[in-house]
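Hi,

Here is the structure I promised to pass on.

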Amino acid sequence: MPTIKDVALKAGVSATTVSRVLNNRGYLSEALKQRVYSAMEELNYRPNELARSLSRSRSNIIGLIIPLVSLPFFSELTSYIEEHAYLNGYKLLLCNSQQDKIKELEYIDMLRSSRVDGIIMGSHTLEVEAYRQMNLPLVTFDRQISPGIPFVCSDNYTGGQLATTLLIEKGCRKLAHIGGHPELNLLSNLRYEAFVETARLAGIWHTSLHTDNNSFDVLAYERLLEQLFREHSGIDGIFAGSDLIAAFALKACRERGRRVPADVRIVGYDGTALCSLNHPSITTIRQPMEEMGRLAVELILKQVEGMSVPSANILPVKLQEGSTT
């Protein structure tokens with residue numbers, strides 16, 4: 001494998017000059033730069049990024065830890081984060097925690113060893129103190145850890161209000177909410193709180209079914225829906241905590257001969273491509289995912305530059321009505 005000294009010899013310059021070209025330091029003529037680049041290309045030389053990060057005190061890499069990249073919301077959000085990181089000259093190091101606390105800790109250690117410039121956290125299995133000890137620029141999704149750590153989320157409470165109000169306005173009188181466990185310290189639980197309060201104020205009968213501590217267990221969604229229709233056969237409105245749960249609800253209705261929206265109306269949450277892929281198309285509360293991804297990257301970069309950033313970054317949601325309501 002060629003070294004920086006080989007490049008210097010090939011280009012007829014010193015190793016220090018090659019290093020200056022790689023790191024764009026000091027005045028260097030275009031002709032000299034081209035000689036170095038040509039030598040690198042001829043030798044198929046690839047700079048050692050870790051060594052370069054040590055010399056620059058920056059790696060231009062952002063770590064992203066999410067629970068499951070296969071989930072539609074996190075898949076689309078990751079795509080936007082990567083795009084905006086790239087546009088700002090950064091690369092993304094993706095970690096799939098699968099809601100495993102040990103795995104999450106190992107990934108954090110790996111990211112720190114890789115000298116990433118910051119970490120965006122979308123997976124939350126650890127205690128608050130573990131996040132405080134990272135000593136890196138940090139941004140979280142849907143969890144407020146402490147006043148000093150910025151978080152990004154959509155307006156979950158308003159989203160829950162919009163979804164529940166729509167179901168009531170459409171004539172639903174027996175409502176159900178299916179989502180993650182309300183005791184988890186996640187801001188997305190505000191969707192559930194809004195559901196309960198909106199239904200209560202309207203005098204509408206309502207019930208809720210929740211997953212265990214793993215909010216992303218897709219097999220649990222089917223079990224909960226089976227339980228829902230077994231215990232409450234007259235349910236006519238479902239507010240699902242995500243578009244994926246809404247898709248499972250649509251499937252469960254079909255299997256039981258319940259027409260959507262004639263017999264049961266369904267509202268999801270997220271605004272992923274999954275909504276339009278289903279038939280009928282799913283009514284949902286759309287999160288501004290691209291803006292959330294852009295903002296998360298921006299908050300990391302501002303912290304890298306030593307700038308102060310706001311703790312709460314709550315973005316508005318929109319009702320996107322499909323054919324399930």
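**The sheet**

Six strands make up an open sheet, paired in parallel and ordered β2-β1-β3-β4-β5-β11. Strands here are DSSP E runs of at least two residues and helices are H or I runs of at least four, both numbered from the N terminus, and two strands pair if DSSP finds at least two bridges between them. At the edges you'll find β2 (91–96) and β11 (312–315), each of which pairs on one side only. From one strand to the next, the twist averages 20 degrees.

Before you go further: this is a predicted model, so local features need pLDDT of at least 70 and side-chain atom pairs count only at pLDDT 80 or more, while totals for chains, interfaces and linings use all residues. Residues are numbered from 1 along each chain as its sequence is written, and side-chain values use heavy atoms, with hydrogens and water left out.

One to look up is Phe151, whose bridge partner in β11 is Ala312.

Helix α6 (residues 101–113) lies across β1 (61–66), β2 and β3 (118–121), at about 160 degrees to β2. Contact means heavy atoms within 4.5 Å; axes are lines fitted to C-alpha atoms, for helices over the stretch in contact, with angles from 0 to 180 degrees between N-to-C directions.

**The rings**

How many aromatic pairs does a search of the whole structure find? It finds 3. Rings of Phe, Tyr and Trp (its six-membered ring) pair if their centres lie within 6.5 Å; planes under 30 degrees apart are stacked, over 60 edge-to-face, and the rest tilted.

One of them is Phe195 with Phe239, a tilted pair at 6.4 Å centre to centre and 40 degrees between the planes. Phe195 is in helix α9 (residues 189–201) and Phe239 in strand β8 (residues 237–240), so this pair ties together parts 44 residues apart in sequence. Phe195 counts as buried, at 0% relative accessibility, and Phe239 is buried at 0% too (buried is under 20% relative accessible area, exposed over 50%, partly exposed in between; 1.4 Å probe, protein chains only).

Tyr221 and Phe248 are edge-to-face, because their planes are at 65 degrees, with centres 5.9 Å apart. Tyr221 is buried at 2%, and Phe248 is buried at 18%.

**Charges over rings**

Lys174 has its charged end over the ring of Trp205, 4.8 Å from the centre. Arg191 does likewise over Tyr269, at 3.7 Å. The cut-off is NZ of Lys or CZ of Arg within 6 Å of the ring centre and within 35 degrees of the ring normal.

Cheers
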